[in-house]
Amino acid sequence: MEAFLISLSTVAIAEMGDRTQLLALVLAAHYRKPWPILGGILCATLANHAVAGFIGAHLGSYLTASRLDLIVGISMVLMALWTLKPDTLDESGAAPRRASTFVATLIAFFIAEIGDKTQIATLALAAAYSSLVLVVAGTTLGMMLANAPVVFLGDMFSKRLPLRAIHIGASLLFLALGILFIWRSIGHA
């Protein structure tokens, strides 16, 4: 259950103000069809995080517990720093005009999530925890919790979020997790 809860909270907080959340806002404003957008986000996130989780779990099986915890800890500390830099999104190419809402969202979200901090967090968490299913379920639900309000409430909601405070909170969460994993790596040594 720890893998699920840490995965959920890490991604839900890290996603605030992230480029994929901004993409959800652009898609919601463009299409004004929340359910197909959420379906596209869900399918794209499941596919993307499943691949990242599989790679993380596979890489994690080759490392000792101490080295794995150290690598995950360092990656979380680096993500704490990355989180402090807000993302932007170029609206000009955000959504294809001829594709259906679901397909446009699926493709745009899958591509936007490649190399994103939430994908990297999924990879690191899957390397750290033995349950790939719980990690992917947690990160996917975290992504949905962060994006569903944006899709439904759109621009009005995004202007009221204290994004700077959310970025600092997410950074502190990544930093705390990084320190926890580094501390665990010292205990395994």
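1. What share of the contacts in the chain with a separation of 6 or more comes from residues 24 or more positions apart? Such residues account for 92% of them, where contact means heavy atoms within 4.5 Å.

2. A word on the source: this is a predicted model, in which local features need pLDDT of at least 70, side-chain atom pairs count only at pLDDT 80 or more, and totals for chains, interfaces and linings use all residues. Residues are numbered from 1 along each chain as its sequence is written, and side-chain values use heavy atoms, with hydrogens and water left out.

3. You will find eight helices and zero strands here. Helices (H or I, at least four residues) and strands (E, at least two) are DSSP runs, numbered from the N terminus.

4. The chain has 189 residues, and 47% of them count as buried, that is, under 20% relative accessible area with a 1.4 Å probe, protein chains only.

5. Now look at one helix pair. Helix α1 (residues 2-14) packs against helix α6 (residues 117-128) at an angle of about 165°, with the axes 10 Å apart; axes are lines fitted to C-alpha atoms over the stretch in contact, and angles run from 0 to 180 degrees between N-to-C directions. That angle makes α1 roughly antiparallel to α6 (the term covers angles over 145 degrees).

6. Which residues of α1 and α6 meet? Ile6, Ser7, Thr10, Val11 and Ala14 in α1 meet Lys117, Thr118, Ala121 and Leu125 in α6.

Notes. Buried means under 20% relative accessible area, exposed over 50%, partly exposed in between (1.4 Å probe, protein chains only). Angles under 35 degrees count as roughly parallel, over 145 as roughly antiparallel, 65 to 115 as roughly perpendicular and the rest as oblique.
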